[in-house]
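Q: I would like to go through this structure step by step. Could we begin with a term that I shall need?

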Amino acid sequence: MESFSGLLARWLQTLAVKGVQHLVLVNRPWPLNTDLPATFFGMATLTSLFLGFWQFPDTAGLPRAVAAFPHLEELGLSFMGIENRDMDFVLAKSPVLRSLCLQANVLLRRLSLLQAGTRASPTTMASSVKILGL
C-alpha cells in the first residue's frame, strides 16, 4: 500500500496538471509534524493557497529556478511548522502576492516584506512575529 505522503504527492501532481487555481489543504487529524510534500511547489497556476497543520518542506534543497507561484495572490498559513528561510523562499517566488495571513506559526520569528515585487500586507499575525519593512 502506498504511503500517505506518496499518495498526497501524487494527488498534488494531478491537481497541478489540471491547472487548479484555488487550494485549501488542511492536515487532519494530528500530528502537526506531518510533512507537506514539496510537489505543491509545482502548482504554478495557483491564485489562492491555504495550508494548515503541516510541517512545511525544507526549501534549502530546492533549485532556486523553481517557478513556484507566479500567479499566487492569496496565501494563508495556519499552524504550520515553517522556518524563516522557507517563508522567504515562498515570498520571493510569489511576485503578485496581495494578501498574506499567518496564524500560529511557531517557528517563524520575523517576516520581511521587502522583496522586490512583493506587495502583500499581513492580514493576521501571531503576536511573536516581528514584521520588517512596513
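Predicted model: local features only at pLDDT ≥ 70, side-chain atom pairs only at ≥ 80, totals over all residues.

Q: What does the accessible surface of the chain come to?

A: The accessible surface is about 7,200 Å², and carbon and sulfur atoms hold 59% of that area.

Q: And how many of the residues count as buried, in percent?

A: The chain has 134 residues, and 41% of them count as buried.

Q: Which helices and strands are there, and in what pattern?

A: There are two helices and seven strands. Along the sequence they follow the pattern α-β-β-β-α-β-β-β-β.

Q: Back to the surface: which residues form the nonpolar patch?

A: The patch consists of Val24, Val26 and Phe50, which together have about 260 Å² of accessible area. Val26 belongs to strand β1, residues 22–26. With a relative accessible area of 47%, Val26 is partly exposed.

Q: Now Ser78: is it buried or exposed?

A: Ser78 is buried, because its relative accessible area is 18% and the cut-off for buried is under 20%. Ser78 is located in strand β3, residues 74–78.

Q: What does Ser78 touch?

A: Leaving aside residues up to four places away in sequence, Ser78 touches Leu51, Gly52, Phe53, Gln103 and Asn105. With Gln103 there is also a polar contact between the side chains, at 2.8 Å.

Q: New topic: how many salt bridges are there?

A: The count comes to three salt bridges. One of them joins Asp58 and Arg85, with the closest N and O atoms 3.2 Å apart. This pair links distant parts of the chain, 27 residues apart: Asp58 is in the loop between β2 and β3, and Arg85 is in helix α2.

Q: What else does Arg85 pair with?

A: The side chain of Arg85 also meets that of Asp86 in a salt bridge, at 3.9 Å from N to O.

Q: With which residue does Glu73 form a salt bridge?

A: Glu73 forms a salt bridge with Arg98, and their closest N and O atoms are 3.0 Å apart. Glu73 lies in the loop between β2 and β3 and Arg98 in the loop between α2 and β4, so the pair ties together parts 25 residues apart in sequence. Glu73 is partly exposed at 31% relative accessibility, and Arg98 is partly exposed at 47%.

Note on methods:
Residues numbered from 1 in each chain as written. Heavy atoms only, no water. Helix = DSSP H or I, 4+ residues; strand = E, 2+ residues; numbered from the N terminus. Buried < 20%, exposed > 50% of the residue type's maximum accessible area, 1.4 Å probe, protein only. Areas by Shrake-Rupley, 256 points an atom, 1.4 Å probe, with all protein chains shown as cover. Patch = residues over 30% accessible without salt bridge, like charges linked within 9 Å, V, L, I, M, F, W, Y side chains within 5 Å. Salt bridge = Lys/Arg side-chain N within 4 Å of Asp/Glu carboxyl O. Polar contact = N/O pair within 3.5 Å; in protein donor to acceptor, adjacent residues only side chain to side chain. Contact = heavy atoms within 4.5 Å.
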